[in-house]
Amino acid sequence: MTTLVRERRHQQALKLSLPPPIPASKFRSPTNAPALSPAASPGSPVIENFVELEKLAVLGHGNGGTVYKVLHKSTSSIYALKVLRFNDGSDGVRRQATREVEILKLVDSPFVVRCCSVFHNSGVAAGDLSFVMEYMEGGSLQDLLKSQKTLSEREISAVARRVLLGIHYLHDMQIVHGDIKPSNLLVNGEGEVKIADFGVSHLVEGGGVAWNLSPDSCMGTCAYMSPERFDPERWSGGDGFAGDVWSLGVVALECHVGRFPLTGTGQRPDWPTLMCVMCFGERMEVPETASPEFRSFLERCLEKDWRKRATVDELLEHPFVN
Ligand SMILES: Nc1ncnc2c1ncn2[C@@H]1O[C@H](COP(=O)(O)OP(=O)(O)OP(=O)(O)O)[C@@H](O)[C@H]1O
């Protein structure tokens, strides 16, 4: 039996690419018709049979699943394979998987990690569901922060711009990502950041998103969730879209300070602590070490009242990302 070991990445410092600004208008796609099958990356084959893949290493573990580095034998191309396992009673994981498949079938953007194929019951584990995805060899922004601790404002600006373009694309398709956080922002070999993981995403059908949230139902971390998701009564619900902007603000601030920014040093971002941060005090503190443009960007993302928070369109025009 072969034992797969977790791949050791980042032995050399990873560099984020700092591309020249991309005109936002280039990626506006209000009339984009959804694709009907999972999007393959341009030029890459659709993988039709699971046996064409050979597992090489474990890339990471998430809620209910494992991600492997795999080789597509006939083309010698490398992909990432995410396997979600359904044990008896794991309704949450099943719901997550169904949602993820529905949404992956719709998306095709340079700012979103591409899914090439989906397999049901591939035999990796009982009742599993597997996604073959574009391999992001730089790992996640979380991995990058572990090795580099902080990013420069130029790097944060490049990350924020790509995430905004990705969120813009998704929102145009009425998709709320709902889980923007460092471990869901992946980096490819060119240092480009893309959005991944649609496990808690929603397709909005009129009237916004009704999140069913409680400390128990919150899958993964709640740390990047917006005030209106924590306390819908106080903030009158929210439309879902503004929550992605809040999460981006938390991520950008984390890249600057080098640790989760909404709680004190060493304090766990658990439900009661976060609830206090969201409910007390009017404004989020942004550090004076940030430049005026960055401070202004953060303040517009971290506006507690979602109706006053910046929209993605507004942020795409903000000097910090231009
Ligand atoms: N396409 C990919 N290419 C390379 N590495 C990946 C890819 N997708 C995921 N990974 C790695 O696998 C890890 C686990 O990913 P997964 O999406 O299962 O969970 P997560 O986002 O870390 O956590 P959660 O399930 O709580 O959202 C990621 O943190 C990342 O390091």
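Modeller: Asn63, Lys82, Glu134, Met136 and Asn184 come nearest to the ligand among the 22 residues around it, where a residue counts as near with a heavy atom within 4 Å. This is a predicted model, in which local features need pLDDT of at least 70 and side-chain atom pairs pLDDT 80 or more, while totals for chains, interfaces and linings use all residues. Residues are numbered from 1 along each chain as its sequence is written, and side-chain values use heavy atoms, leaving out hydrogens and water.

By class, the shell holds 8 nonpolar, 7 polar and 7 charged residues, with Gly counted as polar and Asp, Glu, Lys and Arg as charged. Strands S1 (53-62), S3 (77-84) and S5 (129-134) each supply at least two shell residues, and S1 gives the largest share, 4 residues; strands here are DSSP runs (E, at least two residues). Because domain 1 (35-134) and domain 2 (141-321) both contribute to the shell, the ligand lies between them; the bounds come from an automatic or database domain assignment.

Now for the polar contacts (N or O atoms paired within 3.5 Å). A backbone N or O atom of Glu134 sits 2.9 Å from a ligand nitrogen. Ligand oxygen atoms take part too: one is 3.3 Å from a side-chain N or O atom of Lys181, and a polar side-chain atom of Asp197 lies 3.2 Å from a ligand oxygen.

Note on methods
Polar contact = N/O pair within 3.5 Å; in protein donor to acceptor, adjacent residues only side chain to side chain.
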